[in-house]
2 protein chains.
Amino acid sequence: MSIDDAPSQPIETKIDVLIIGAGPAGVMAADMFARYTAQGLTCRIIDKRSAKLDNGQADGLNCRTLEIFESLGFVESIEKEGSRMSEINFWNPCPETGRLVRTGKIPDTIPGLSRFQQTILHQGRIEAHLIADAAKHSNGAIIPERGVLPEALEIDESLLSDPSAYPIKVTLRHLSEEESNPDGLTQNGATRSGLFRSSLVSAEEEEKLYKKKEQAVKREIVSAKYVIGCDGAHSWTRRTLGIKMIGEQTSELRLGSTRRCPHHQLPDIRARCAIHSANAGSVMVIPQERDLVRLYIQLPVQVKPGEYLDRSKVTPESILATARAILHPYTLDTELIEWFTGYHIGQRLTESFTPNNRVFLAGDACHTHSPKAGQGMNTSMQDTFNLAWKIGHVVTGLAKPELLETYSLERQVVAKTLIDFDTKFSKLFSGKPASKDDLDEGVSLSEFKDVFATGNLFAAGMSISYAGNLIVARPDGTSSIKSRPELASKLAVGERFFSAQVVNVASATPDQLTTRMLTNGAFRILVFAGNVAEEKAMKKLEKLAEYLDGEESVVSKYTPKGRSRSSVIDVITIHSSDRLALELYDFPQPSIFPSNDPHTAYKKVYVDAPSYHRGDGKAYEAYGISKEEGAIVVVRPDQYVALITSLDDTATLDAYFSQFLVPAAQGSPAKDIRLLSPPDWSKVEKVELSHSFAVKEREPAEENAAVV
Amino acid sequence: MSIDDAPSQPIETKIDVLIIGAGPAGVMAADMFARYTAQGLTCRIIDKRSAKLDNGQADGLNCRTLEIFESLGFVESIEKEGSRMSEINFWNPCPETGRLVRTGKIPDTIPGLSRFQQTILHQGRIEAHLIADAAKHSNGAIIPERGVLPEALEIDESLLSDPSAYPIKVTLRHLSEEESNPDGLTQNGATRSGLFRSSLVSAEEEEKLYKKKEQAVKREIVSAKYVIGCDGAHSWTRRTLGIKMIGEQTSELRLGSTRRCPHHQLPDIRARCAIHSANAGSVMVIPQERDLVRLYIQLPVQVKPGEYLDRSKVTPESILATARAILHPYTLDTELIEWFTGYHIGQRLTESFTPNNRVFLAGDACHTHSPKAGQGMNTSMQDTFNLAWKIGHVVTGLAKPELLETYSLERQVVAKTLIDFDTKFSKLFSGKPASKDDLDEGVSLSEFKDVFATGNLFAAGMSISYAGNLIVARPDGTSSIKSRPELASKLAVGERFFSAQVVNVASATPDQLTTRMLTNGAFRILVFAGNVAEEKAMKKLEKLAEYLDGEESVVSKYTPKGRSRSSVIDVITIHSSDRLALELYDFPQPSIFPSNDPHTAYKKVYVDAPSYHRGDGKAYEAYGISKEEGAIVVVRPDQYVALITSLDDTATLDAYFSQFLVPAAQGSPAKDIRLLSPPDWSKVEKVELSHSFAVKEREPAEENAAVV
């Protein structure tokens with residue numbers, strides 16, 4: 001029955017996951033869940049707005065987000081389309097002359113931190129990429145449903161402990177086109193206003209926007225196992241759950257606008273700039289895609305908590321005039337302002353990201369901060385990148401519900417750290433530069449630059465280090481399973497696994513190891529087997545293979561029958577012998593070299609060796625792994641290092657995975673797999689050999705006759 | 001009037017260019033013409049087949065083609081989707097034991113030749129990328145029209161010398177779905193046959209396939225200025241023009257098939273392999289995308305000229321049986337053969353690629369060769385990449401029709417060289433390996449490997465060097481304008497311009513220089529200005545700028561009024577001083593730094609310097625250019641080096657471009673362009689400075705009031 005039939009009783013459907021809100025956090029979750037639809041997971045994603053974003057809002061992608069996009073398979077498109085940033089320029093009034101002068105330059109991303117550098121591309125395009133990827137991986141099953149507003153949410157507490165139950169009932173209201181794209185929110189000539197989405201609008205005002213009309217209302221009821229509220233700073237989900245945001249809404253006002261900047265004389269308009277004027281405010285310049293430039297303007301305006309600035313005063317003209325005052329005597333003209341907005345800044349955080357591990361909050365719904373550090377969209381997407389695979393695992397029966405507890409544990413700390421950083425950073429940015437007479441009150445320029453530089457590490461998304469928990473086997477006593485970090489001394493348990501180049505043994509083609517570890521829900525066991533050309537090392541690998549191929553191994557135990565043995569725990573071997581010292585068939589089958597599986601066989605064994613065309617990756621060196629001892633590194637589906645141990649320590653592998661995985665009803669042991677081995681030359685006819693220097697040809701069967 | 005109205009008189013339309021055939025050559029031409037549609041060029045592309053290719057046919061992309069795809073903007077997608085090749089493995093019978101053994105390995109692409117390595121992706125996907133790009137750049141105007149068959153072509157000789165005339169009349173027949181997708185050509189279970197497209201079908205047989213039905217026929221007549229026949233080895237265009245193919249159709253038969261290869265024991269199935277059996281034929285293994293493997297099988301079968309092998313004998317089963325005989329005792333099993341075909345090999349070439357510089361032939365229509373060297377699709381696309389910009393320039397009034405003569409001059413030599421190479425290469429490949437007793441007749445393995453290795457340079461598309469002509473100012477006396485090659489000693493006039501990394505001065509972002517030189521029809525003047533921090537070098541650059549900004553410069557003379565001054569001749573400066581030694585505003589405006597143009601201003605000045613994140617490109621060193629003397633390098637729209645001269649030699653620039661460009665009716669002089677300069681600090685109020693360490697703010701006008 002279609003919703004258009006408008007029945008008197010709302011229709012009711014069941015779904016595994018309902019995502020409320022199709023912003024960056026929501027569509028990232030959708031894209032992750034898309035990868036579980038082949039295993040039967042069902043998911044819907046709704047958004048009250050009918051119009052997709054076509055400019056404005058967030059635009060900064062940090063290194064970690066780009067790494068995630070790599071793992072999702074489309075980072076090349078993002079890098080191509082976006083504006084890659086390299087340098088930050090600092091402009092300040094010269095204490096001697098008062099002139100606005102460039103006082104310093106630093107790299108925008110700390111060199112060596114990641115293979116990717118911070119890139120600017122506006123939120124609408126990011127969402128479009130994630131939506132397209134979700135549709136692709138779900139065969140069109142997961143596509144945002146727009147113009148759908150949640151109206152009520154009920155939780156049946158009695159069902160919470162039953163993983164197969166649908167304890168959450170959400171009433172959805174289908175909005176008309178007019179309601180879902182309220183008046184005044186559409187474009188104003190060529191310049192689009194983002195004010196209606198900004199924090200200058202209160203939750204109540206925003207709500208009214210979408211419920212203007214009295215008319216026949218179409219409703220439906222969705223029963224869900226899990227709900228994720230990705231519905232922004234005014235989160236309806238959060239308010240409905242009665243979860244409070246803690247923290248101050250500060251009294252600052254900032255303006256963002258996006259424009260083409262032809263007529264100005266600041267030479268750094270295509271680099272990120274932090275410009276402090278003496279007394280007219282400050283501006284951050286962000287060079288965007290399509291030759292656009294965004295200016296973040298900080299005004300010395302005070303707004304009391306609960307008050308909202310008169311939005312009518314925020315116009316493209318007033319923003320331009322303000323920017324000109326800050327940049328004076330440098331001029332600023334533009335043919336086009338594509339978009340503008342204004343907003344208050346607050347650093348606020350919810351007590352919890354979930355009341356019950358059934359309904360979750362993610363992104364701005366549970367933490368807000370300033371956009372200056374460029375962390376809002378990144379942290380939001382990283383929230384659901386952390387959460388969605390956990391829900392996916394539980395819904396498809398691979399993992400225990402306890403896995404879900406790690407979401408709030410891990411991400412709330414990240415949000416708290418971010419908010420602390422942002423508070424400090426924002427204060428520095430909004431402070432007036434210290435003048436000669438005024439050193440106490442002002443912000444010293446060197447302090448500003450220092451915070452900016454150290455903040456870079458944080459802002460790149462690289463400082464995240466999850467504490468020990470069910471899925472993070474830290475060596476520091478915070479988890480029951482302990483890693484042996486000395487075996488891979490440059491990797492850190494709880495931090496993201498970084499990439500190094502390795503060479504595929506089957507094809508001799510070099511690639512970054514992470515391009516082999518695309519996000520598909522699998523844990524990876526990276527077997528750094530060392531110098532397997534030596535018998536001792538090969539024996540160790542063979543012993544590990546014997547375990548892996550046995551019925552009690554983590555691969556056999558947790559892989560459901562009928563699924564690929566790489567689908568839950570994917571074993572990848574990287575050896576360090578000479579590439580030509582061994583043939584692929586010298587490696588143990590099938591766990592190390594699964595000759596039976598055409599889709600994985602040639603993507604299992606790699607070597608840390610020089611390549612023909614791309615130099616030498618020196619992966620063992622990069623990870624701090626000894627070529628004599630080797631190491632096992634377990635990487636989570638979201639690329640965080642979970643466990644480091646030795647090749648013979650299969651007991652720790654057993655213990656680690658048993659904490660959160662569910663043994664498959666009928667596991668997938670290796671014993672019935674057809675194996676191949678090279679020809680047995682002793683059985684090839686000798687007579688023929690001496691006659692024609694060739695082995696005897698097989699007699700083709702009549703129906704399989706060769707063309708000759 | 002729509003064609004569906006089926007009038008008794010065919011409708012007649014006029015068009016600048018008609019492309020016959022939507023294979024690789026045709027869609028490449030379409031994609032190039034798409035870039036001229038904004039200047040009014042009209043183009044249609046037709047193909048008799050209604051079904052797009054979904055597998056099979058050609059699949060090898062050489063380095064040069066990948067560079068072209070980079071210049072078209074989508075090489076990342078191709079590299080991602082395709083199978084990047086690294087190594088070639090040679091397998092031969094051991095003379096001692098007769099066993100099939102690996103006798104050698106060489107890199108598949110000579111290291112250092114290009115930033116790209118040979119990549120395998122089947123023709124259908126390549127065509128899809130080019131079609132999508134053509135639609136994008138033409139705003140949907142150029143999309144292949146399928147099921148359209150050319151029936152007659154008439155040339156009005158009296159109109160040939162009038163560039164504005166439409167001397168060619170082509171009658172088009174619109175086929176029904178049934179006709180354009182003939183019976184038996186569709187898929188046979190899961191395995192698709194490519195036989196109907198192969199050289200096992202004669203031109204007459206093929207023609208019949210598309211004209212089976214008697215029914216009401218819909219026709220139209222197209223009058224065109226130019227026609228390109230990209231209609232393959234059986235080219236209707238070529239036959240209609242009465243142009244003969246010269247050369248032998250050899251008597252070999254080869255089979256191609258594409259399959260997943262799970263069960264075999266050859267360890268090199270994911271690398272390119274050349275496998276010679278002692279007496280069962282030879283096979284070349286090509287690892288494709290999606291874990292597919294293609295086998296090219298060479299059979300010792302003789303077919304007389306004019307005869308065609310019985311196609312019914314070519315079946316997936318017979319191919320598999322043959323492959324097994326060659327590979328024995330290595331086994332070969334497969335779950336799926338996606339596609340197969342069989343073909344004769346001939347090396348043939350037309351006398352001319354055009355009878356009149358109005359109708360042109362390109363690709364297989366004018367040269368055929370074996371697919372073993374992987375050159376068919378590459379050379380075909382490179383043909384029209386060479387031709388289309390020339391037609392585009394003439395049609396849009398930028399260039400004289402004489403420019404078109406360079407197409408046949410340049411490409412026929414390439415085809416001839418290719419055919420000579422292919423003849424040698426094919427013979428080697430089909431020869432039996434030399435055995436101990438039989439050294440005279442057989443092919444020595446080391447000879448085979450040597451030809452393979454040297455052939456690699458050729459096969460990469462890198463050995464093409466156009467002789468001197470109207471647009472190639474070689475220093476060797478073959479052109480009237482002479483280059484000074486010593487100024488850029490590692491570049492070669494007539495060869496393709498290779499890339500080096502440079503750093504953008506405005507953003508500090510490093511990039512390959514070729515990513516700044518995307519294909520848009522513009523010639524590039526690369527100004528290697530040297531150490532411009534020194535006065536002498538800056539004076540030289542300023543003198544050049546004075547010329548460029550003058551009314552008589554090549555930029556002013558040939559750029560039509562109203563178009564960007566970078567659109568016809570795009571000046572890009574690469575200096576070699578310290579990046580921080582100069583500000584952007586230190587460079588001459590507008591020719592070197594066009595501060596007035598927001599779309600080009602920050603993409604004009606680069607520096608050969610270290611970058612934060614991607615090392616040091618050392619471009620001057622790579623090109624062999626002195627930092628003291630500098631050089632001007634003119635690069636053609638298709639990336640070939642056209643001219644090398646000194647910074648002060650503007651006379652040669654004048655002479656070079658005057659050979660083939662048409663002065664614009666009203667050129668686009670620089671004198672009325674608004675220029676910007678940094679603030680004049682002497683005019684900033686001193687009083688304010690001393691008071692607040694800031695310059696005085698401008699009073700915002702009432703209607704432009706700042707928010708403060």
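**Labels and the values behind them**

Modeller: Start with Asp162(B), which lies in the loop that links strand 9 (148-155) to strand 10 (168-174) of chain B. Keep in mind that this is a predicted model.

Colleague: What makes Asp162(B) partly exposed?

Modeller: Its relative accessible area is 33%. Buried means under 20% and exposed means over 50%. The value for Asp162(B) falls in between, so the label is partly exposed.

Colleague: How far is Asp162(B) from Lys225(B), in sequence and in space?

Modeller: They are 63 residues apart in sequence. Their C-alpha atoms are 9.7 Å apart.

Colleague: Now chain A. Why is Thr171(A) called buried?

Modeller: Thr171(A) has a relative accessible area of 15%. The limit is under 20%, so Thr171(A) counts as buried. Thr171(A) sits in strand 10 (residues 168-174) of chain A. Leaving out residues up to four places away in sequence, Thr171(A) touches Leu149(A), Pro150(A), Glu151(A), Ala152(A), Arg219(A), Glu220(A) and Ile221(A).

Colleague: And Ile11(A), why does that count as buried?

Modeller: Its relative accessibility is 16%. That is also under 20%, so the label is buried. Ile11(A) belongs to strand 1 (residues 11-20) of chain A. Between Ile11(A) and Thr171(A) there are 9.9 Å in space, C-alpha to C-alpha, and 160 residues in sequence.

Colleague: How much of chain A is buried?

Modeller: Of its 708 residues, 62% count as buried. The chain holds 16 helices and 30 strands. Among its contacts with a separation of 6 or more, 76% join residues 24 or more positions apart.

Colleague: What makes helix 1 of chain A mostly covered?

Modeller: Eleven of its eleven residues are buried. They include Pro24(A), Asp31(A) and Ala34(A). Part of the cover comes from strand 1, strand 2 (43-47), helix 2 (63-72), helix 4 (123-137), strand 12 (218-229) and helix 9 of chain A.

Colleague: How do helix 1 and helix 9 of chain A pack?

Modeller: Helix 1 (residues 24-34) and helix 9 (residues 376-395) of chain A meet at an angle of about 30 degrees. Their axes are 8 Å apart.

Colleague: Why is helix 1 of chain A called roughly parallel to helix 9 of chain A?

Modeller: Angles under 35 degrees count as roughly parallel. The angle here is about 30 degrees, so the pair qualifies. The crossing of helix 1 and helix 9 of chain A is right-handed.

Colleague: Which residues make the contact?

Modeller: On helix 1 of chain A they are Pro24(A), Ala25(A), Met28(A), Ala29(A), Met32(A) and Phe33(A). On helix 9 of chain A they include Met377(A), Phe385(A), Trp389(A) and Gly392(A). The residues of this contact divide into twelve nonpolar, three polar and no charged.

Colleague: Turn to the sheet in chain B. In what order do its strands run?

Modeller: Seven strands form an open sheet in the order 25-24-28-27-26-29-30, with mixed pairing.

Colleague: Why are strand 25 and strand 30 of chain B placed at the edges?

Modeller: Strand 25 (510-512) and strand 30 (641-645) of chain B each have a single partner strand, so one side of each lacks a neighbour in the sheet. Neighbouring strands of this sheet are turned by 30 degrees against each other on average, direction ignored.

Definitions and conventions
Residues numbered from 1 in each chain as written. Chains lettered and ligands numbered in written order. Predicted model: local features only at pLDDT ≥ 70, side-chain atom pairs only at ≥ 80, totals over all residues. Heavy atoms only, no water. Axes fitted to C-alpha atoms, helices over the stretch in contact; angles between N-to-C directions. Helix = DSSP H or I, 4+ residues; strand = E, 2+ residues; numbered from the N terminus. Parallel < 35°, antiparallel > 145°, perpendicular 65-115°, else oblique. Left-handed = near helix turned anticlockwise from the far one by under 90°. Contact = heavy atoms within 4.5 Å. Nonpolar A, V, L, I, M, F, W, Y, C, P; charged D, E, K, R; others polar. Buried < 20%, exposed > 50% of the residue type's maximum accessible area, 1.4 Å probe, protein only. Pairing = 2+ DSSP bridges.
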